[in-house]
Protein chains: 2
Amino acid sequence: LSGEFTIIEKYFAPLAADCLGALGLKDDAAILDAAQYVISKDILVEGVHFVTGDPARSVARKALRVNLSDIAAKGAKPAGYLLGCVWPESVDEEYIAEFAGGLKDDQDEFKICLMGGDTTVHRAKKAPLTISLTMFGVAGRSGMIKRSSAAIGDDVYVTGTIGDSGLGLSILARKEKGLKEFKDQLCERYQVPSPRVQIGGALCGIANSSIDISDGLIADAGHLAEESGVAIEIGVDRIPLSAGASAWASNFAGGSDSAIMKLAAFGDDYEILFTAPPSCRRAIQMAAQVTKTPVTKVGRVIRGAGVLMKNAEGATLSPECAGFDHFKR
Amino acid sequence: LSGEFTIIEKYFAPLAADCLGALGLKDDAAILDAAQYVISKDILVEGVHFVTGDPARSVARKALRVNLSDIAAKGAKPAGYLLGCVWPESVDEEYIAEFAGGLKDDQDEFKICLMGGDTTVHRAKKAPLTISLTMFGVAGRSGMIKRSSAAIGDDVYVTGTIGDSGLGLSILARKEKGLKEFKDQLCERYQVPSPRVQIGGALCGIANSSIDISDGLIADAGHLAEESGVAIEIGVDRIPLSAGASAWASNFAGGSDSAIMKLAAFGDDYEILFTAPPSCRRAIQMAAQVTKTPVTKVGRVIRGAGVLMKNAEGATLSPECAGFDHFKR
């Protein structure tokens, strides 16, 4: 393995080449120039946020993408990032090269650059790879879309489909043995999520409030409801499902509603849940078309508190699980 | 242990109370308003950057202070930070409360606030506490002081004293058995460094180039020389030492020059090494007085490359060690 400064020079400095404020990664700090920035910081830990043995390339891309998802949900345009890596004691240079390759692929795809960071190696045996990523986005003209500004009467929308990533994780963890036909697609949703960067920027000035779905649809709707001081009603039968998730739900022993409730509690979707007044329906349809993003109206914002999950007959279902909590044992 | 959101609400949200852009830690991202910012990101890992068993309060303060040191060396005024924590599986709430208490102490001392972040828990047994901190400083009127702008003929200065932190680590690791009289003082330099925030801001517009000393005086002078395309000559007998380091050096078997070379290679000093033209000597003296910061002229910038360590007779000494490299095994 090369030395620290060689590793930085060889693998990471090229990723910062187009970013003026990164100073070629040759200083202690980066420069961020005047604008309103939206900043997100998510940490990924081996064994918690990705599976030991996941390819280096997809781990790198997931680290970028979970943060890109936060920036997108806030209506901002991603610009650049700081990267902190703590490598396992046993890391080899090939792994680092693959990791940097994954970053490069996504830098090109999302037009972002590396601005700076820190890289170090664990001394404890078998300590897990840990990636800390801080992403900067330029705020849209109407500023950041917050969690706290949903209004009574708003429609509630989600992008894409819900629950695929959770099924992917179950397959990777060998808990789910079926779904052979959809295996690759579902696992990819877990390993390399697709942040909704295009429509995220377009929602600025349209959506009243927004959150990305990382803890689970029900849990994240709950966060948004709480910060806005409202209740959110969601039609379980309206939640958009992929073909794989539909197949899984229709075979679920407890029935389709229970299955969808589980999908809505999994998390790691990195879709956007947002609210907007009914007067914006046409604008949202346009934004969805222009950015080629599936958008589904799943419910509405009402007076009250919490999340109400309704079945097709209008009965309220009780969530078995309120989403992922890193501190729960 | 409470749940993730309770932990954030109870221990971390109060630290963000005075920061408008943090939105009370109730959103996915923070807002950074228009200004030129200097950003630094340093990760601290248990067993690498601090000793297992170090008090939670001092670990928290060290995480802030190593980043404050980067911001200070760049001539910027610290403003706020993003915090990423990966707690060991066995963490208890008392530890987190102590950690947050340490952050609070230093927020008050340095007038900074928490802007956002992420908190998660290891699943692997005995995986080390890992803290990733991103610090934002408002750049001085002349912009960031870089590593790359030292000029031939500049004087070379360091703040404070060199090598104390390395001796402190040797004492904590029970490699150094002497120095009883200076034990607390030296260990504190390792556990809770004192970033030179006051003089850092004052150097903007005076210093031509600057770096904080984290890898070791010789190594960091080398980084500065390399990025500036110059050589740096340092008088070994001019390097400022504390009473404890002086006592250690005078008892060193290899002689005083060798001892000081070791002190200059230890690292973790979090002092500032900077260069300025001779015409600025009076301004630097004033800045040192006003900010009550010891500043010592240790050498000069000359044509060439690398770092030349000279003894009192003008002979060049060869560094045994080029400073700390996280990738060296």
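Is A:D106 buried or exposed? A:D106 is buried, with a relative accessible area of 0%. The views below come from a predicted model.

**Figure 1. A salt bridge joins A:D106 and A:R61.** The side chains of the two residues meet at 3.1 Å, N to O. A:D106 belongs to helix α3 (residues 93-110) of chain A and A:R61 to helix α2 of chain A, so the bridge ties together parts that are 45 residues apart in sequence. While A:D106 has a relative accessible area of 0%, A:R61 has a relative accessibility of 21% and counts as partly exposed. The structure holds 28 salt bridges over all chains.

**Figure 2. B:D268 and B:K62 form a salt bridge in chain B.** The distance from N to O is 3.4 Å. B:D268 lies in the loop between α9 and β9 (272-276) of chain B, and B:K62 in helix α2 (residues 56-73) of chain B. These distant parts of the chain are 206 residues apart. Both B:D268 and B:K62 are buried. B:K62 also lies over the face of B:Y190, at 3.7 Å from the ring centre. In chain A, the charged end of A:K62 sits over the ring of A:Y190, 3.7 Å from its centre.

**Figure 3. B:E89 and B:K125 meet in a salt bridge between two loops.** Their side chains are 3.6 Å apart, N to O. B:E89 is in the loop between β3 (77-87) and α3 (93-110) of chain B. B:K125 is in the loop between β4 (113-121) and β5 (130-138) of chain B, and the two residues are 36 residues apart. B:E89 is partly exposed, with a relative accessible area of 29%. For B:K125 the relative accessible area is 68%, and this residue is exposed.

**Figure 4. Salt bridges that share partners form a network in chain A.** The network joins A:R61, A:R65, A:D106 and A:E109. A:D106 and A:R61, the pair of Figure 1, are among its members.

**Figure 5. A:W87 and A:Y95 form an edge-to-face aromatic pair.** Over all chains, the count of aromatic pairs comes to 13. In the pair of A:W87 and A:Y95, the centres are 6.3 Å apart and the planes stand at 80 degrees. Planes over 60 degrees apart count as edge-to-face, so the angle of 80 degrees places this pair in that class. A:W87 is buried, with a relative accessible area of 0%. A:Y95 is partly exposed, with a relative accessible area of 25%.

**Figure 6. B:W248 and B:F266 form a tilted aromatic pair.** The ring centres lie 6.4 Å apart and the planes are at 45 degrees, so the pair is tilted. B:W248 is part of helix α8 (residues 243-250) of chain B and B:F266 of helix α9 (residues 256-266) of chain B, so the pair ties together parts that are 18 residues apart in sequence. B:W248 is buried, at a relative accessible area of 12%. B:F266 is partly exposed, at 30%.

**Figure 7. Ring pairs link residues of chains A and B into a cluster.** The cluster holds A:Y37, A:F136, B:Y37 and B:F136.

**Figure 8. The largest nonpolar core has 52 residues.** The residues with the most contacts inside this core are A:F12, A:Y81, A:L83, A:W87, A:F99 and A:L103. Helix α2 (residues 56-73) of chain A gives the largest share, ten residues.

**Figure 9. Helix α9 (residues 256-266) of chain A has buried residues covered by other elements.** The buried residues of the helix are A:A259, A:I260, A:M261, A:L263, A:A264 and A:A265. What covers them includes α4 (164-172), α7 (217-228) and α8 (243-250) of chain A. The strands β11 (306-310) and β12 (316-317) of chain A are also included in this cover. A:G267 follows the helix, and its phi is positive, near 90 degrees.

**Figure 10. A:S170 is placed in helix α4 of chain A.** A:S170 is buried, with a relative accessible area of 18%. Leaving aside residues up to four places away in sequence, A:S170 touches A:K175 and A:E176.

Conventions: Residues numbered from 1 in each chain as written. Chains lettered and ligands numbered in written order. Predicted model: local features only at pLDDT ≥ 70, side-chain atom pairs only at ≥ 80, totals over all residues. Heavy atoms only, no water. Buried < 20%, exposed > 50% of the residue type's maximum accessible area, 1.4 Å probe, protein only. Helix = DSSP H or I, 4+ residues; strand = E, 2+ residues; numbered from the N terminus. Contact = heavy atoms within 4.5 Å. Phe/Tyr/Trp six-rings, centres within 6.5 Å; stacked < 30°, edge-to-face > 60°. Lys NZ or Arg CZ within 6 Å of the ring centre and 35° of its normal. Core = buried A, V, L, I, M, F, W, Y, C linked by side-chain atoms within 4.5 Å. Salt bridge = Lys/Arg side-chain N within 4 Å of Asp/Glu carboxyl O.
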